[in-house]
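Notebook open, structure loaded. I want to go through confidence, domains, strands and salt bridges in turn.

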Amino acid sequence: MTMDNTSSLSRLDSILASATAHPDAGTAAEGTNPVMGIALRLGEALDRKEISQTDIVSLVQKLRDEAFLARARKLHRYVGGATLEATKEKLRNVARAIAEACPTGSFAEYQARISAIQFAAVFTAHPTFALSNPVYAALAESASQAIPPQEAPFFETHRRAAPPTLEEEFTLAAQAITRARDAMDLLATALLEEAATRWPQEWTSLKPCPVIATSWVGYDTDGRTDIGWWDTLRLRLRMKLFQLMRLESQIMHEGLLAPELTEKLQRAIACVKEQISAVPAGPSDAQAVAHFAKLLVSQRNTALTHAAELDGLLKTAIKSAPPSARIPLAVARAGFLAHGLGLAHTHVRLNASQIHNFVRQKLNLLDDPNNPAHRRALLNQINEALEAVTPVPVDFGALLSDPSSAGRLMMTIAQMVKFIDSDTPVRFLIAETETGYTLLSALWVASCFGVADKIEISPLFETEDALMNGEHIVEEALRSPAWRAYIRRIGRICFQFGYSDSGRYVGQLAATYLIERLRLRIHDLLVRWDMQDITVVFFDTHGESIGRGAHPFRMADRLDYLSPSHVRARFKTTGIACREETAFQGGDGYLLFGTPELAGATLATIAENLFLPLQQEEDPIYDQPDFSADFFSSISEGMKKLVEDPGYAALLGAFGPSLIDRTGSRPPARQSAESATHKRITHPSQLRAIPNNAILQQLGWCANTLQGLGAAVRRHPETFETFRTSSPRFHRALDFAQHGLTCSDDKVLKSVVCLLDPGFWLDRATEEKTPARRKAFLSLMQDLEKLDLSAELLTMFRRIQADHLALREAWKHAPRTEPQIRLLHAIRIMLIEQIWLLACRVPFFMPRGGFNHDVMMQHILCLDIPAVLEELEHIFPTSTGPTNLDFHEPRGPREEGIYEREHRDIFVPMQQMFELIREISVAIMHNIGAFG
Ligand SMILES: C=C(OP(=O)(O)O)C(=O)O
């Protein structure tokens, strides 16, 4: 009997209420686990039809929408409120403070302070595009209101219909970058207005550019093989087009008559449009490539390759403009010159192994660079090669014929430099750098293709080895005269730190410590090598969330966290200039630039961080380096042991990957021969950091933020408590754990482990009165035995639980999971149970291809539901073909509605429950504030 709507809702309420009132009550199968308790009671009520699937859907939507609203409020607070007036006021204060801090109040000092790039906002397409575009837009809109709304806009689902393509990611990035550029213009306006009142004669010569935008969308090819050089060039040309069009519209907006400037711009725009439409679709059509080459070469001058070519005309335009248009034009000029011929600067990336492969081939260097025993010989050889290298010409024919990723990427840069923008340096990031040999090899490749002085080679330190030994890597490179000469010529030395990868191997808190230590060691190295006149660029790639390195509570804290005042002070003492770069990653990161209000507020926070005097320079944590070293190495030890624990890979690889949608065009595993052959992961390194962390969040345990903390705290309970309250640096790091604990729940993790434990199903079978259900429980038990994860999972759980207990013992008021997060997990556990029970009702079928009952159950236990349903659709078809045709005989009975019952009672509900499982994932993401 189906109950009416009111009584089913009150039944639902009473289950939820009893779960809260008696959190520890339960049957033997439930144990004392309230999460499992709610899940089982909900499941029973659903079975008895006391509640309906529609009730569950409504409950999930309600919880999801509440989480959406909370996320909008958090975003609003994160940037410190979001009104344009407040932003402008903050920026005016920043400009005034800069002018007042110039010791003799001279124009030259002011100019010097605002003319160097000090910060870059780097827009990356990390796959965190978890929400549909309208939901992201609604979130940003809600967060931008002076008072965020009380009611969430209704969307049937918050999920995307499909993962974004590279093209869509590029569009979203370009929109976010445009808003970032508008916000940078607000900063430039404030700086120029301040200067105009103080130095009315001189201000027009200023080109303020303390903050710039950079992008790697379309240019990051680390671990992915789907981006061709033609894609990179097409997207880079589009960035050029946006930049030219931006300048054109800024000039038009001021109603300026500058015919020569406008004409030059319009001719360049027309050329670039033509070039974009001629970009080949791939390498196979050599004629198309040759045609594209012809356009690039013949239109090189008209399409412009130096932004500075327009500077003379821009200056004249500013001078002859009416007073009200002069500042807006000066702002447009500053933004244009700072960014060169692109809406944003360009970062490309590839993996260290790709550089090694290229050099091994070309120079016949056969030793393994990762083997320290071969290192010295290899370093000598590459240094000799660097002395002898002479550039070869690059044309599209060479690009077409090169089979190596490194060769193609370097030649693509050579073409960018020749035909798109000859002045703006291109950052060349090398993932997983673990030796100085990699840097010298990259320099050799760049020299070979004639672009050494146009690129900024940067190691990415992200592996444990690199974090521990980073300074040796840098020193190996600095010992090379060719490397030192290169650094001096370009005037910069660049580093990238990957917070997400570092954090998942050594723990997020320990990674922070190791990265800070490495920054200080790099400083000391530069002093030792007498390179204080070189600008250091530190680029932090970090996700938006707790487990990937962006501070969870405030933008201002995020900047202090990434660039600690202690390190800044050290650089200031020796006069080494330091530029910070920070990633805004994928859908989640673009939210901070999701509306003009949010972009303005984000930018104002960056400007305040750069220019307002540091509030607090003293921090007691630095007086006890032994404590820090020991505390963070305990965390790192704990996390490393967990990473090597087979139960951890089992946890990540069981049904975790099925809980999340694919959230970007980048594959969830680094593309390589090895990743192609493994079905279920056997080590976390087979996943990339974002899915790794997203799965942990969905399983209710942010291990990469929490593991090892208990052991560390147990070793230093008193010092921990002292620094927790007295050290801003330590406190900021603990904020990650604080947030991690509000969305981690050992009872949820235990429920997941239980679900995968055959013993749990045996217990349930023992208690069960109904024969059909008992049979289903027993059959699930047998299928789980075959999956064979349970013993390892239980060991891993004990490791996590023991560490967690130690943490709770020492940190009495450590936060606990929010009840609504726990409830979402409980509903999902119930849905998983229901799906598994439905699977037990699939009738016998003959194997089809390799798909038989056993295979089906293994897939279902891993929640690979879409693939299973696709197979079952073939095995149990619903229609049998064109039955209304005339077959020239008396009509026989038609098997209509064949397998309808299976579809109605098993497959359709299974599909709906699976969709709901993923909707819950979005609701959990809203609660956490990010994906991954
Ligand atoms: C650099 C990183 O990201 P990824 O390598 O996943 O792009 C990181 O943050 O670790």
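I am looking at a predicted model, in which local features need pLDDT of at least 70 and side-chain atom pairs count only at pLDDT 80 or more, while totals for chains, interfaces and linings use all residues. Residues are numbered from 1 along each chain as its sequence is written, and side-chain values use heavy atoms, with hydrogens and water left out.

**Confidence**

I checked pLDDT, the predictor's confidence in each residue from 0 to 100. The chain mean is 94, and 96% of the residues reach 70 or more. For the complex, the predictor gives an ipTM of 0.95 and a pTM of 0.95. Residues 672–678 stay under 50, and there the model has four contacts beyond four places in sequence; contact means heavy atoms within 4.5 Å. Where pLDDT is low, the predicted coordinates should not be read in detail.

**Domains 1 and 2**

I took the bounds from an automatic or database domain assignment. It puts domain 1 at 33–79 + 820–879 + 897–931 and domain 2 at 80–129 + 164–339, and also lists domain 3 (345–576) and domain 4 (633–666 + 679–817). The C-alpha centres of domains 1 and 2 are 47 Å apart. Five residues of domain 1 are in contact with six of domain 2. Together the two bury about 370 Å², 48% of it on carbon and sulfur atoms.

**Strands**

Helices (H or I, at least four residues) and strands (E, at least two) are DSSP runs, numbered from the N terminus. I call a residue buried under 20% relative accessible area, exposed over 50% and partly exposed in between (1.4 Å probe, protein chains only). Strands pair if DSSP finds at least two bridges between them.

I started at E1 (residues 119–124): six of its six residues are buried, so the strand is largely enclosed by the rest of the structure. Phe119, Ala121 and Phe123 cover one side, with Ala120, Val122 and Thr124 on the other. E1 runs parallel to E2 (residues 211–215) over five bridges, where Ala120 stands opposite Ile212. Six bridges join E1 to E8, also parallel, and there Thr124 partners Gln585.

From E8 (residues 578–585) I moved on to E7, its parallel partner over five bridges; Asp540 bridges to Thr582. Six of the seven residues of E7 (residues 535–541) are buried, so this strand too is largely enclosed. E6 (residues 492–498) pairs with E7 in the parallel sense over seven bridges, with Gln496 opposite Phe539.

**Salt bridges**

My search of the whole structure finds 59. Arg375 and Glu476 form one, closest N and O atoms 3.5 Å apart. The pair links helix H14 (residues 372–388) to helix H18 (residues 464–478), 101 residues apart, and both partners are buried. Glu44 and Arg48 meet at 3.8 Å, N to O; Glu44 is partly exposed at 28%, as is Arg48 at 47%.

Notes: Buried area = accessible area lost by both parts, 1.4 Å probe. Salt bridge = Lys/Arg side-chain N within 4 Å of Asp/Glu carboxyl O.
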